[in-house]
Amino acid sequence: MMKTYYEKKRGDRRDGWKLRDVPLFFKVVPFVMRTRLDSQNYYEETLDVEPMMEFLRAHKDDMPNVTMMTIFVAAMVRMISQRPALNRFVVHNILYAHNSIEISIAIKRSMSDDGEETMIKPSFDPRDTLLDVQKRLEACIAEAMDHGEGSGIDSVAGMLGKLPAWLFRFAISLVLFLDNHGWLPAALTGASPWHCSAMYTNVGSLGIGPIYHHLTELGTYSTFIAMGKRERHTVYDENGDATVRRTVGIKIVNDERVCDGYYYANSMRMLRRLLMNPALLLEPPEYVRLDPAVTNRLINDPNAGVEAAAGAEERAEAGAEAALVD
């Protein structure tokens with residue numbers, strides 16, 4: 001996995017590499033915008049899901065368990081593998097790159113007012129295909145649905161929830177202090193749903209439209225994506241002809257300190273293209289793009305043997321730009 005890509009250096013965290021080669025702007029901004037609440041950007045998209053529904057119908061026999069959520073999570077993983085700045089995070093005014101791809105997802109064990117909500121946090125490989133993502137999701141959901149065993153997240157929450165209020169406040173303050181200095185134990189980092197690449201929720205399964213979900217100061221995620229329910233909208237082509245199409249609303253909250261607006265806009269265009277062309281997710285990416293701001297010595301190149309030609313990186317760049325064309 002990604003944790004073995006680079007040699008660890010002083011200043012790195014257990015869950016990320018310190019970025020040492022970033023423009024001055026990105027070194028200064030985290031000291032001006034000191035929290036994620038200061039740095040939130042809001043983005044909204046209405047997605048035509050007819051191509052996605054057609055893909056699901058075409059593959060209902062060979063991929064019966066694949067859903068819109070599977071496609072969405074797989075598209076997020078693929079986007080991060082090609083747009084690595086979206087896998088950055090800021091802690092204690094310092095910019096880091098995640099050394100993994102983990103997406104926290106809110107699920108309910110039963111669809112009722114009293115149904116217990118929990119979080120799963122599957123870990124993905126940058127080369128994962130749609131079916132790889134589905135297998136990882138199924139394994140995490142099966143564990144979370146096991147009431148007797150529960151998940152690591154549930155265990156930690158249950159333990160902390162039994163503390164008196166004053167001790168609970170102290171425990172959270174201690175967690176924040178340790179996290180700011182990169183000293184949080186691996187067990188807590190692994191159990192925390194807020195220590196991840198991104199958070200995702202499908203509120204459409206609850207029958208409502210998408211929401212803007214705020215970021216939290218605790219944790220390392222820089223993006224929160226919410227997908228709403230399917231709706232029908234009338235759209236008009238260039239000739240003025242009306243067609244009724246099924247659409248889904250998406251709302252995204254992003255920490256603007258991790259990348260500039262141009263990079264973010266191009267990343268959102270890539271995400272939209274992947275969602276409207278799910279067949280692109282059936283094969284692994286030809287090339288995994290690494291964050292150029294990580295200056296640690298590369299000891300396990302994920303692209304080793306993929307393409308031996310000297311122009312591999314240039315072709316990957318050209319392919320990434322081509323993917324932005326609608």
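Let's start with a sorting rule: Ala, Val, Leu, Ile, Met, Phe, Trp, Tyr, Cys and Pro count as nonpolar, Asp, Glu, Lys and Arg as charged, and the others, Gly among them, as polar. By that rule, the lining of the largest cavity here holds 12 nonpolar, three polar and two charged residues.

What you're looking at is a predicted model, where local features need pLDDT of at least 70, side-chain atom pairs count only at pLDDT 80 or more, and totals for chains, interfaces and linings use all residues. Residues are numbered from 1 along each chain as its sequence is written, and side-chain values use heavy atoms, with hydrogens and water left out.

**The cavities**

Rolling a probe the size of a water molecule over the atoms shows where empty space is left. A cavity is a set of points, on a 1 Å grid over the protein atoms alone, where a 1.4 Å probe fits but cannot get out, and its lining residues have an atom within 4 Å of a point. A volume is the space filled by probe spheres set on the points, which are joined across faces, edges and corners. Searching the whole structure turns up five cavities of 30 Å³ or more.

| Cavity | Volume |
|---|---|
| Largest cavity | about 130 Å³ |
| Second largest cavity | about 70 Å³ |

Which residues lie nearest the centre of the largest cavity? They are Met2, Pro84, Arg289, Leu290 and Asp291, out of 17 lining residues. Helix H3 (68-82) and strand S4 (94-98) are the elements that give two or more residues to this lining. Helices (H or I, at least four residues) and strands (E, at least two) are DSSP runs, numbered from the N terminus.

The second largest cavity is lined by Met76, Met79, Ile80, Leu86, Ser197, Ala198, Thr223 and Ile225. Six of these lining residues are nonpolar, two are polar and none is charged. H3 gives the largest share of the lining, three residues, and strand S9 (223-236) also supplies at least two.

**Two helices**

Next up is helix H1 (residues 24-32), where Phe26, Val29 and Pro30 are buried (under 20% relative accessible area; exposed is over 50% and partly exposed is in between, with a 1.4 Å probe and protein chains only). They sit on the same side of H1 because they cover an arc of only 95° around the axis, taken from the directions from the helix axis to the C-beta atoms. Leu24, Phe31 and Val32 are exposed, on the face of H1 turned away from its buried side. Strand S3 (88-91) and S4 are among what covers the buried residues, with contact meaning heavy atoms within 4.5 Å.

In helix H2 (residues 50-58), the buried residues are Glu50, Met52, Met53, Phe55 and Leu56. Their cover includes H3, S9 and helix H8 (261-276).

**Some loop residues**

Is threonine 220 buried or exposed? Threonine 220 counts as buried because its relative accessibility is 0%. This residue lies in the loop between strand S8 (198-202) and S9. Leaving out residues up to four places away in sequence, threonine 220 touches Arg13, Asp15, Arg36, Phe89, Val91, His98, Trp194, His195 and Cys196. Its side chain also reaches the backbone nitrogen of cysteine 196 at 3.2 Å.

Most residues other than glycine have a negative phi. Histidine 92, in the loop between S3 and S4, has a positive phi near 55°, and is partly exposed at 43% relative accessible area. Asparagine 93 lies in the loop between S3 and S4 and has a positive phi of about 70°, but asparagine 93 is buried at 13%.

Notes. 1 Å grid on protein atoms, 1.4 Å probe; cavity = no way out; pocket = protein on both sides within 12 Å on 5 of 7 lines; lining within 4 Å. Polar contact = N/O pair within 3.5 Å; in protein donor to acceptor, adjacent residues only side chain to side chain.
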